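Let us take a friendly walk through a protein model together.

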Amino acid sequence: VHNLSQLLQQCKTHGNAGSLVAPTLRDSQLADEAEQLRKDYLGNASNRLLQANVDFSEKEDKVKDLSQGEVDDIGSGWWLELLNQIEQKGQRSACGALVKQIKANLSERTAAGVSLHGRNSSSLIHKFRDTTGMKFVIDQELKAIFSS
């Protein structure tokens with residue numbers, strides 16, 4: 001309809017060109033129809049944009065809420081509780097085995113070329129010898145992740 005409206009406008013301004021296009025019953029309404037279609041389209045697009053903005057704001061608020069507290073609880077609580085339970089039960093062999101297993105997994109990640117946020121995971125292997133040191137390293141790494 002928009003193209004027809006423009007064509008009709010050009011035909012009216014050029015006089016002779018109007019004879020090339022046969023008139024229709026809708027010629028007088030084409031400009032109004034084109035304007036109404038434009039308003040409808042822009043109205044729908046505006047409504048979709050507003051809804052997307054509302055959805056984005058809700059999700060952004062949720063991420064901010066999570067990053068201000070809940071993520072720290074999720075990120076640190078479970079592993080700290082597990083390590084404390086192992087240490088409290090006096091299972092030195094279990095602590096040693098856990099530390100060895102984690103170091104082995106970090107070593108395998110390095111061999112496979114998998115990095116931890118752009119850093120070489122082998123550097124983490126040398127930062128701890130026991131569960132206390134491991135708790136410190138994990139805490140520092142999580143703080144670094146959440147602060148970035």
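Predicted model: local features only at pLDDT ≥ 70, side-chain atom pairs only at ≥ 80, totals over all residues.

Residues are numbered from 1 along each chain as its sequence is written, and side-chain values use heavy atoms, with hydrogens and water left out.

Begin with the layout. The protein chain has five helices and zero strands; helices (H or I, at least four residues) and strands (E, at least two) are DSSP runs, numbered from the N terminus. Read from the N terminus, the order is α-α-α-α-α.

How much of the protein chain is buried? Of its 148 residues, 16% are buried, where buried means under 20% relative accessible area, exposed over 50%, and partly exposed in between (1.4 Å probe, protein chains only). Contacts (heavy atoms within 4.5 Å) tell another part of the story: among those between residues at least 6 apart in sequence, 54% join residues at least 24 apart.

Now look inside. In soluble globular proteins, nonpolar side chains tend to be buried together. Here the largest nonpolar core has 10 residues, including Trp79, Leu106, Phe128 and Met134. Such a core is a set of buried Ala, Val, Leu, Ile, Met, Phe, Trp, Tyr and Cys residues joined through side-chain atoms within 4.5 Å. Helices α2 (30–88), α3 (92–111), α4 (122–125) and α5 (131–147) each supply at least two residues of this core, and α5 gives the most, with three.

At 1.5 Å a residue, the 17 residues of α5 should span 24 Å, which agrees with its end C-alpha atoms being 24 Å apart; the expected span is 1.5 Å times one less than the number of residues.

Next, find Lys127 in the loop between α4 and α5. Because its relative accessibility is 47%, Lys127 counts as partly exposed. Leaving aside residues up to four places away in sequence, Lys127 touches Val137 and Glu141.

Finally, is Arg92 buried or exposed? Arg92, in helix α3, has a relative accessible area of 75%, so Arg92 is exposed. Its C-alpha atom is 9.7 Å from that of Thr131, 39 residues apart along the chain.
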